[in-house]
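Try each one yourself before reading the solution.

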Amino acid sequence: MNEEKTKSFAVSKQMVYDSYLKVCDKKGGAGIDKETIKMFNENLSDNLYKIWNRMSSGSYFPPAVRTVLIPKKQGGTRPLGIPTVSDRIAQGVLKDYLEPILEPLFHVNSFGYRRGRSAHDALAQCQQNCIQYSWVVDLNIRGFFDNISHEWMMKMLSHHRQEKWVLLYTERWLKAGIEQADGTIAARQKGTPQGGVVSPLFANLYLHHAFDMWMSKYFPTNPFERYADDIIVHCNSKDQAEQLLNSIKERLAGFDLELHPDKTKLVYCKNYLRKEQHAHNSFTFLSYSFQPRSKPNTFGRPDKFMVFNAAICQNAKTFIRERIKAVFNPRNTQVSLEEIAMKLNPKIRGWLNYYSRFNPRVAGNVFFT
């Protein structure tokens with residue numbers, strides 16, 4: 001008898017193996033058990049069998065998530081949750097199963113963590129909308145990943161899928177313990193850790209119901225760009241922006257989410273020849289600063305004119321310069337230029353590929369000033 005047919009849940013060995021290959025491609029560090037991918041591979045067959053056997057029988061329980069603090073371009077740090085190698089594979093099984101089902105349902109203005117969509121797509125749409133609309137609502141959700149309601153998450157998922165194994169393991173992953181600063185493990189009552197394989201999909205599903213579809217239904221004339229929890233909404237007037245912001249606050253509060261009072265703002269982004277003053281004339285989206293900039297007149301005249309567009313933000317410039325200084329120290333004669341180039345060149349290529357899409361001259365100046 002086929003061993004897979006005797007199991008309670010329809011989780012196949014092939015599903016586990018396909019997820020394993022993706023985990024290997026993405027590499028990543030060890031989890032709380034300190035097991036690396038190389039160590040996992042030393043007993044590969046048995047390790048994969050254990051994951052499949054437990055997932056297909058309903059006996060898989062995710063281990064706690066290791067916490068690593070990583071620097072943010074805006075300053076400060078954010079916690080990144082790193083599951084074990086085995087748990088990344090197990091989460092990948094669920095993600096690979098759910099993603100083709102949920103992906104076609106997601107909103108056209110949702111860009112984050114979706115195949116065929118990128119941050120550059122979101123930025124291009126945002127820049128185009130800033131040309132057409134005078135005001136922006138720059139939304140900042142306080143601790144979004146840490147405050148996702150488990151109850152709401154399960155309701156949203158069960159609205160689309162009823163398979164017992166899908167709901168069982170989703171709930172277990174949501175409630176899995178997380179490492180604290182002192183090394184202890186705390187039970188999680190809400191939230192899903194950034195760094196989890198399936199967390200981005202959960203995040204998109206959550207805001208699909210809490211925000212995207214609500215905006216489409218009640219505010220269809222206000223376009224927006226959403227990249228995970230980074231959201232920009234466009235309005236025709238300040239009054240409209242203020243009213244919409246109040247409605248969004250109320251809506252998100254119903255899903256246990258709160259807008260950051262200091263980081264959420266209304267931004268004017270249209271005619272800078274007018275004399276009236278506004279509290280905010282710029283905003284940052286996906287590490288690009290949208291703000292008024294002088295531009296040479298293209299008709300041969302010596303004067304310049306003002307445009308509102310995107311370029312690498314100041315925090316990203318500082319972040320890049322600090323990373324370069326950490327590697328390239330002219331006083332360090334122990335390291336050759338070739339070694340420095342080997343370390344820096346891949347990073348520089350990555351930075352330029354991302355930040356040169358809009359206003360490449362501004363991005364290039366980071367490396368020469």
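**Exercise 1.** In which sense do strand S3 and strand S7 pair, and over how many bridges?

Before we start: this is a predicted model, where local features need pLDDT of at least 70, side-chain atom pairs count only at pLDDT 80 or more, and totals for chains, interfaces and linings use all residues. Residues are numbered from 1 along each chain as its sequence is written, and side-chain values use heavy atoms, leaving out hydrogens and water.

*Solution.* Find S3 at residues 135-140 and S7 at residues 230-235. Strands are DSSP runs (E, at least two residues), as helices are (H or I, at least four), numbered from the N terminus. The two pair in the antiparallel sense over six bridges; pairing takes at least two DSSP bridges.

**Exercise 2.** Place the strands in their sheet.

*Solution.* The order is S6-S7-S3-S8, an open sheet of four strands with antiparallel pairing. At the edges sit S6 (224-227) and S8 (265-268), each pairing on one side only.

**Exercise 3.** At what angle do H11 and H12 pack?

*Solution.* Take H11 (residues 314-327) and H12 (residues 337-355): the angle is about 170 degrees, with the axes 10 Å apart. Axes are lines fitted to C-alpha atoms, for helices over the stretch in contact (heavy atoms within 4.5 Å), and angles run from 0 to 180 degrees between N-to-C directions. The helices are therefore roughly antiparallel (over 145 degrees). Among the contact residues are Ile320 of H11 and Trp351 of H12.

Technical notes. Angles under 35 degrees count as roughly parallel, over 145 as roughly antiparallel, 65 to 115 as roughly perpendicular and the rest as oblique.
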